[in-house]
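Here are some friendly notes to read alongside the model. Please keep the structure open as you go through the points.

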Amino acid sequence: MRLGNSWWNRLVTLGAGLWGLAEATVFFIVPDVLLSFIAQVSLKRALLAALAAVAGALVGGALLHAFANADPQAAQALLLNVPGISPELVARVAELTEHGQLAGMVAGSLSGAPYKIFAVDAATAGVPLWAFLMASAPARLLRFALVALASWLVFARLLGHLALRTRRLLLAGAWLAFYAGYFTAMGW
């Protein structure tokens with residue numbers, strides 16, 4: 001049985017939303033991975049999936065913000081058990097947000113600071129949930145849209161003459177190299 005594109009597109013979009021939620025809470029691989037693969041075949045689908053990932057991230061961010069409001073020490077402990085998150089990275093996020101939530105989140109999302117740290121930092125700093133979510137939406141969308149656009153430009157346009165399978169293997173290799181470097185630098 002062959003599944004229709006419509007069904008598959010909805011499933012991928014749902015997956016992006018769930019990935020956004022998971023990464024905003026405890027998962028340590030960004031939804032950018034999925035978005036970059038989608039962008040190899042369609043920028044439009046990747047951008048729609050990016051919107052779903054943003055929605056999932058907002059739900060996850062709200063859950064973590066609420067958790068940190070209820071039990072700040074447990075939320076901090078949870079963060080420090082996520083691979084790649086260190087006390088130094090948590091402190092760096094606090095420094096980034098000293099100049100405002102949106103500016104801090106944009107700088108953090110473009111420099112590899114996990115979104116989940118911003119959720120806990122905002123709650124412990126007394127930032128209301130609505131203000132945190134208002135800053136979160138454009139920061140997350142900018143990051144996800146840039147990744148989708150970059151992947152589309154490189155893998156669909158620049159390397160479009162290669163077979164899709166080859167492009168997928170190249171992208172998979174790029175992500176493996178990225179995460180090997182990231183966890184080597186940030187710790188596991």
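1. Contact here means heavy atoms within 4.5 Å. Among contacts in the protein between residues at least 6 apart in sequence, 72% join residues at least 24 apart.

2. A word on the source: this is a predicted model, where local features need pLDDT of at least 70, side-chain atom pairs count only at pLDDT 80 or more, and totals for chains, interfaces and linings use all residues. Residues are numbered from 1 along each chain as its sequence is written, and side-chain values use heavy atoms, with hydrogens and water left out.

3. The protein has nine helices and zero strands (DSSP runs numbered from the N terminus: helices are H or I, at least four residues; strands are E, at least two). Its C-alpha atoms fill a box of roughly 50 × 35 × 30 Å along the principal axes.

4. Of the 188 residues, 43% are buried (under 20% relative accessible area; exposed is over 50%, partly exposed in between, with a 1.4 Å probe and protein chains only). Trp-7, in helix α1 (residues 5–25), counts as partly exposed because its relative accessibility is 42%.

5. Do look at the aromatic rings. The whole structure holds 11 aromatic pairs (rings of Phe, Tyr and Trp, the last by its six-membered ring, with centres within 6.5 Å; planes under 30 degrees apart are stacked, over 60 edge-to-face, the rest tilted). Tyr-179 and Phe-183 form a stacked pair, 5.6 Å centre to centre with 25° between the planes. Both Tyr-179 and Phe-183 are buried. They lie about one helical turn apart because they are four residues apart in helix α9 (residues 164–186).
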